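Let us go through the labels given to this model one by one.

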Amino acid sequence: MKLIISEKASVASQLIESGLLSNQDQITFTFSLGLWTESKAKIDFNQIPYTDYSGEMRPLHEAFFKKGNDAWGDWKNLIIDGSGETLLKQKLNSDGLNKLLSHLNGHLHQYTEIIIATDNDRRGAYGAWQIIERLKPSKLPIHVMLFSDTSLKTIKKAWLKRNEHSWESSGYEKKAKAQKVKKSFDFWWHTNSALVFGECLKKSGLRGDPVLSKHELMAINVLSNFEHEVTADKLIDIMQSWKGTGRYSSLINNYECQIGSASSQCEIVSRLIERGVFQLSDLNDVKMKTLSLTPEAERFLELMHPKTFDKDLPFRLYQWCSEENINAIRRYINTLFSRQLRFQRNK
C-alpha cells in the first residue's frame, strides 16, 4: 500500500487512469495552497515592529477565505483509493484535518512508501511537507514524481522514475524550507501591515480590510509612476515582467519574482479598486477602461516614507528564501515598519 500526496485532482485522475495503482493505494491532497497556516497574532502599536511567532497553526482555507465565502466549507474528498473511491470526505476545517491526520497515521504502518505528486515548485513542496511533518516518525522512503505537464504519458513516466528522486535529491526538501521562510515573511508583513498601513488607509479615507499585502503596495507604487492612465491589462503586464531597479537582472524572468502570481494579479487590481485606491475611467469612448489613482490614494502616498516602496522586494525575498536567511527578513521587517510608523505619525 502506497501513500500518494497530490496537489491537483487532474494528476490523481491521470494516475488512476494509468492503471499503475492498486485499489489499496491511497491518495491525499494539498489543495494547492497547503492545509495549515500560522494563526495571526493580535498585537498593539507598542509592539511594532513585530517579528515573533504566534506558535499556533490553523486550517489555511478556514483562515484564507472571507466570511461569507463558503468555498472552504464544502465537503471535499480528503483521501481516495487507487480506483478513485472516497475513503475520507470532510470539510477543510480543524475537525476535518484532524480526521485526515488520524487516518494517515492510523495506516502509516501499512504504507510501503510515500510518493509526492505535486507541482515542482516551492508551494508544491511545502504543501507536501506540511503533511509529512505531521505524520508520526517513520523510516518510510519518500519518492518524488517530477513532471512538467499532466498528460497521461508524462505522469506514467514520472511514476516509473520516482525511485530516482528522493525528497532530498529532488530538491523538494530545499524548496519546502524556502517556502517556510517565505511564510514567515508573509506572517510578519500581515501582522505589522494590519496596524501600520491600516492606520494610513484609514487616515486617507480608504478601506483597510483586508490587510494591505506587499503586492498591493507595489502595484500602487507602479501606477503612481505613470504620468497618464493605463489599462488594467497593461498594469498586469508590467507586474508579470517586473524588472525592479535592474539590480537583480538574473532573476527578472523568474516567475516567482513577479508582483503577485498569474492567479492573483487580477485579484490584486480588483482589490485596490474595491479599497478606493484605483478608479476606472472610459478610454476615449472606446470599450476599454483605464486605471488611475484616486485623491484618497494620493493622500495615502503622502503618508508613505520614500523607502517604504521597495522596487526590488520580490527579488530580495526570493534570494532570502533560497538562502533560508530568516535574519535578513527579520531585519527588513523591523526596519521598514518601525521607520514607516515614525514617518506617518509625524505627518
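Q: What makes tryptophan 188 count as buried or exposed?
A: Tryptophan 188 has 0% relative accessibility. Buried means under 20% relative accessible area, exposed over 50%, and partly exposed in between, with a 1.4 Å probe and protein chains only. Tryptophan 188 therefore counts as buried.

Q: Where do such values come from, and which parts of the model count?
A: The model is predicted, so local features need pLDDT of at least 70 and side-chain atom pairs pLDDT 80 or more, while totals for chains, interfaces and linings use all residues. Residues are numbered from 1 along each chain as its sequence is written, and side-chain values use heavy atoms, with hydrogens and water left out.

Q: Why is the aromatic pair of tyrosine 53 and tryptophan 188 called tilted?
A: The ring centres of tyrosine 53 and tryptophan 188 are 5.4 Å apart, with 50° between the planes. Rings of Phe, Tyr and Trp (its six-membered ring) pair if their centres lie within 6.5 Å; planes under 30 degrees apart count as stacked, over 60 as edge-to-face and the rest as tilted. The pair is therefore tilted.

Q: Which parts of the chain does this pair link?
A: Distant ones, 135 residues apart. Tyrosine 53 is in the loop between β3 (36–38) and β4 (57–59), and tryptophan 188 is in helix α6 (residues 172–204). Helices (H or I, at least four residues) and strands (E, at least two) are DSSP runs, numbered from the N terminus.

Q: What is tyrosine 53 called by accessibility, and why?
A: Its relative accessible area is 37%, so tyrosine 53 is partly exposed.

Q: Why does the pair of phenylalanine 185 and tryptophan 189 have its own label?
A: Their ring centres are 6.0 Å apart and their planes are at 25°, so this pair is stacked. Both residues lie in helix α6, four residues apart, about one turn of the helix. Phenylalanine 185 and tryptophan 189 are both buried.

Q: Which residues form one aromatic cluster with Phe185 and Trp189?
A: The cluster also holds Phe197, Trp320, Tyr332 and Phe337. In the whole structure, the search finds twelve aromatic pairs.

Q: Why are α6 and α10 called oblique?
A: The axes of α6 and helix α10 (residues 295–302) come within 8 Å and cross at roughly 135°. Axes are lines fitted to C-alpha atoms, for helices over the stretch in contact, and angles run from 0 to 180 degrees between N-to-C directions. Angles under 35 degrees count as roughly parallel, over 145 as roughly antiparallel, 65 to 115 as roughly perpendicular and the rest as oblique. That makes α6 oblique to α10.

Q: Which residues make the contact of α6 with α10?
A: Phe197, Cys200, Leu201 and Ser204 of α6 meet Glu296, Arg299 and Phe300 of α10. Contact means heavy atoms within 4.5 Å. By class, four are nonpolar, one is polar and two are charged. Here Ala, Val, Leu, Ile, Met, Phe, Trp, Tyr, Cys and Pro count as nonpolar, Asp, Glu, Lys and Arg as charged, and the others, Gly among them, as polar.

Q: Why are α8 and α9 also given a named orientation?
A: Helix α8 (residues 232–240) and helix α9 (residues 265–275) pack at about 125°, with axes 10 Å apart. They are therefore oblique to each other. In α8, Ala232, Leu235, Ile236, Met239 and Gln240 meet Gln265, Cys266, Ile268 and Val269 in α9. That contact has seven nonpolar, two polar and no charged residues.

Q: What makes glycine 246 partly exposed?
A: Glycine 246 has 36% relative accessibility, so it counts as partly exposed. Its place is in the loop between α8 and α9.
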